[in-house]
Amino acid sequence: MAGLIKEIQQEDKNKIIRYVFVVGPEGKFLAHSDVNQSFMTYNPPPGVQLRHDPKAGVQVFRVRSAKVGLTDYAEALYFNDKWVGEVHAGVADEDIQQLINGRKTELQWLMLAIALVSMVGLFLLSRIFIRPFQKILEGVQAMNQGDLNAKIEVDSQDEFGQLAKIFNEMTGKIQESQVGLMEQERIQKEMQVAQEIQHTLLPASFPQIEGYEIGATYRAAKEVGGDYYDFFWVDPTTMGIVVADVSGKGVPGSMVMTMIRTAMRLEARGNRSASDVLAKVNQHVTSDMKRGMFVTMFYIILDSRDRSINFASAGHNPMILYRGKTKEVYFLKPKGFPVGIDLPEEDMFVKNMTLQKVSLEKNDMLVIYTDGITEAMNPDKEQFGEERLIRLIKENPSLTPAEFVEKLNESIAQFTRGAEQHDDITVVAIKEKMQVEQVEFKFRKRLIDLVEKKGMSIAAACRQMNISPKTYYRYKKLFDEKGKEGLKPVRAKRAELKELPQPQQQAILDFVQEHPEYGSRRITEEVGKSAIPPQKLDHRLVLAFLKRKGLLPSQVKDQASEFGSASKPRKPRKARKAKKLSEQEKPQETPVGNAVDSVSTQSDNKAADGVFEN
Amino acid sequence: MENISVNISEHPQNKDITLLSVKGFIDTTTAPEFEKKFLSLLGDKKFKLVVDLKDVNYISSAGWGIFISEIKRIRNQKGDLVLVGMNPEVSEVFELLEFNTILKSFPNVETAIKKGFEKA
């Protein structure tokens with residue numbers, strides 16, 4: 001028995017069993033962990049009351065008398081269903097607590113150890129995985145905030161290393177394109193400024209000149225374009241209007257434009273010969289212009305006194321004249337090289353340039369334009385063309401010039417259907433609203449009124465109206481003889497338009513192509529007959545036209561050794577013929593030198609005075 | 001340059017005549033390419049030039065500027081520049097700008113070689 005106890009005690013490695021004993025049927029200890037208690041009588045302490053029941057198993061009691069919390073585990077012992085005693089084991093609470101605490105501490109240590117191991121593991125893991133991730137993240141964030149210099153420093157060979165490499169390459173490329181983009185933006189901004197400057201150089205408003213209505217439109221292509229138009233006063237009753245197209249676009253074109261504008265304004269003042277002005281402008285700018293650049297210009301001078309225009313062209317598109325009375329369209333294009341070319345011979349520009357003069361009648365309209373109009377392209381790569389322009393003019397004879405250019409704008413917008421245009425678009429339209437006699441009458445009456453009604457001295461009145469006293473006395477005589485009626489001019493002399501209208505020119509070209517062998521008289525006759533209704537053409541005009549086009553039989557023979565169109569004997573070109581019909585009559589052309597003499601050197605109103613028969 | 005090609009060759013019989021065969025179009029974008037070749041020819045003292053424009057469908061003013069820009073120098077060197085085989089549209093602008101009174105033009109290379117340098 002004592003051996004058993006010992007064994008139990010040995011088994012109890014944690015020493016939580018305070019006592020263990022066996023009580024025999026006589027109530028004496030048969031064995032006890034405390035040897036001194038052996039064979040002493042067992043007095044169950046308060047709280048321990050073992051039921052003698054073979055099926056009760058282990059019974060648990062709190063020992064109430066003990067100073068420390070003590071639990072007694074007891075079991076009744078039976079042998080052949082006979083109660084033979086009981087066994088008790090006591091366990092102190094504090095021991096259990098201690099044991100638990102001990103275990104707890106152990107567990108805490110264990111957990112701490114696990115935690116430490118995990119942290120080390122995580123740290124190592126982060127070295128391998130998290131850190132590269134973080135660097136990539138940092139890089140991406142930096143880039144997101146606009147730092148394109150951000151580089152990811154991951155030098156491993158794994159996927160992270162590859163990712164970092166790709167990222168670095170990508171930022172490099174983005175940076176490159178960003179730099180390019182910034183440069184582009186800068187240029188674009190500068191271009192915009194250039195464009196704005198250019199816009200400020202265009203006339204802000206239309207000038208008011210008596211008896212003319214003027215409308216103009218300018219629309220820049222995407223780039224700063226080289227188109228330009230301008231109005232200026234040549235003298236108090238005469239206005240100059242210029243439309244120009246610089247061959248280069250962008251800033252160089254714009255700068256040339258500025259140069260031309262200045263030269264024009266300088267030369268136009270007081271010079272009443274359009275060709276002479278262009279010749280002088282050419283002289284001014286040619287040496288300053290970049291080689292290979294040139295400017296086509298159309299310059300027209302409106303004389304509000306005698307209601308005539310004179311004009312010259314420097315290789316520019318023809319001016320269209322629409323005659324309100326006959327509803328005919330004419331292309332007017334005096335000869336002239338573009339401005340700014342370093343020509344093989346010094347005087348070539350002046351020699352080649354011609355001046356034309358035409359009197360306008362009421363409701364005549366002039367349209368000056370740049371090739372941006374006719375070459376306006378739609379998405380199908382078709383051009384707006386001259387025919388549409390002519391049709392628009394013919395279909396809208398009652399529009400004011402402002403309304404007409406607006407209509408033309410709309411028409412082009414409709415045609416191009418939003419396709420981006422590569423060239424500027426410029427149109428100036430001028431409409432004659434007066435008859436020359438009417439203007440002259442008003443002028444004369446004002447002059448007489450100044451003296452008769454306002455009491456101005458004759459000298460002052462002549463000065464104000466810019467005429468000679470001799471002219472005053474002529475009008476005064478007419479006034480004294482017939483009163484107001486006497487001031488009405490009978491009919492003014494007119495600078496007639498010596499030009500075939502556009503359809504007749506076309507008919508001639510078509511006819512010549514079919515009958516290259518016919519002479520000018522036969523052509524005149526045949527084309528006149530086939531017209532609907534038949535017309536009698538002016539042979540001189542036909543002859544001049546044929547000559548200008550190099551289509552006379554004699555010219556065709558000589559052509560092999562001639563310049564220019566020589567290569568295409570008597571074969572008028574079909575494509576966009578209209579433009580080619582534009583050149584002007586020889587008889588009207590005056591070499592610049594002469595034009596200077598006959599027009600610009602004369603005192604303006606004295607020249608005008610001579611125009612009227614009375 | 002995909003929009004322009006300039007082929008330069010010596011004329012077999014007339015070694016002092018250089019033939020420039022241009023294909024494509026000459027506008028603001030392609031003009032510099034053409035100009036480079038053109039100027040390098042002048043640099044090599046080739047002043048008798050036949051420019052074949054048979055396969056050119058468009059010449060913008062930038063292109064025309066090149067033809068006309070060096071004509072004075074070319075003529076001063078007793079050379080000339082002649083144009084060949086312009087299509088109607090190209091020729092139309094050529095005449096509008098009145099360059100037909102400055103430059104000679106011919107229907108084909110043979111005539112140009114035969115007649116183009118008579119006075120030069």
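This is a predicted model: local features need pLDDT of at least 70, side-chain atom pairs count only at pLDDT 80 or more; totals for chains, interfaces and linings use all residues.
1. Overall layout. Chain A contains 19 helices and 16 strands, and its residues are assigned to domain 1 (1-144), domain 2 (148-201), domain 3 (203-432), domain 4 (438-489) and domain 5 (502-583). Taken over C-alpha atoms, the centres of domain 2 and domain 4 of chain A are separated by 75 Å.

2. Burial, surface and contacts. Of the 614 residues in chain A, 49% are buried, while the accessible surface of the chain amounts to about 32,100 Å², with 55% of that area belonging to carbon and sulfur atoms. Among the contacts in chain A with a separation of 6 or more, 66% are made by residues 24 or more positions apart.

3. The five-stranded sheet. In chain A, five strands form an open sheet in the order 6-15-14-11-12, with antiparallel pairing. Strand 6 (212-219) and strand 12 (329-332) of chain A are at the edges and have a single partner strand each, so one side of each lacks a neighbour in the sheet. From one strand to the next, the twist averages 15 degrees.

4. Strands 14 and 15, and the helix across them. Strand 14 (residues 365-369) and strand 15 (residues 425-432) of chain A run antiparallel and are joined by five bridges; Leu366(A) has Ile430(A) of strand 15 standing opposite. Helix 9 (residues 401-416) of chain A lies across strand 6, strand 14 and strand 15, and runs at about 25 degrees to strand 6 of chain A.

5. An enclosed strand. Strand 13 (residues 354-359) of chain A has five of its six residues buried, so the rest of the structure largely encloses this strand. Strand 13 pairs with strand 10 (residues 308-314) of chain A in the antiparallel sense, over four bridges, and Gln356(A) in strand 13 is the bridge partner of Phe311(A).

6. Ring pairs. Over all chains, the count of aromatic pairs comes to 16. In chain A, the ring centres of Tyr229(A) and Phe231(A) are 5.7 Å apart and the ring planes stand at 80 degrees, so this pair is edge-to-face; both Tyr229(A) and Phe231(A) are buried. In chain B, the rings of Trp64(B) and Phe99(B) have centres 6.3 Å apart and planes at 65 degrees, so this pair too is edge-to-face. Because Trp64(B) belongs to helix 2 (residues 61-69) of chain B and Phe99(B) to the loop between helix 4 (88-96) and strand 5 (104-106) of chain B, the pair ties together parts that are 35 residues apart in sequence. Trp64(B) and Phe99(B) are both buried.

7. A cluster with residues from chains A and B. Ring pairs connect Phe294(A) with Phe34(B), Phe38(B), Trp64(B), Phe67(B), Phe94(B) and Phe99(B) in a cluster.

8. Surroundings of Ala74(A). This residue is found in strand 4 (residues 70-79) of chain A, and Ala74(A) is buried, its relative accessible area being 2%. When neighbours within four places in sequence are left aside, the contacts of Ala74(A) are Leu50(A), Gly57(A), Val58(A), Gln59(A), Phe61(A), Val87(A) and His88(A). Ala89(A) is 15 residues from Ala74(A) in sequence, and the C-alpha atoms of Ala74(A) and Ala89(A) are 6.3 Å apart in space.

Terms used
Residues are numbered from 1 along each chain as its sequence is written. Chains are lettered from A and ligands numbered from 1 in the order in which they are written. Side-chain values use heavy atoms; hydrogens and water are left out. Two strands pair if DSSP finds at least two bridges between them. Helices (H or I, at least four residues) and strands (E, at least two) are DSSP runs, numbered from the N terminus. Axes are lines fitted to C-alpha atoms, for helices over the stretch in contact, and angles run from 0 to 180 degrees between N-to-C directions. Contact means heavy atoms within 4.5 Å. Domain bounds come from an automatic or database domain assignment. Buried means under 20% relative accessible area, exposed over 50%, partly exposed in between (1.4 Å probe, protein chains only). Accessible areas come from the Shrake-Rupley method with a 1.4 Å probe; for residues, only the protein chains shown count as cover. Rings of Phe, Tyr and Trp (its six-membered ring) pair if their centres lie within 6.5 Å; planes under 30 degrees apart count as stacked, over 60 as edge-to-face and the rest as tilted.
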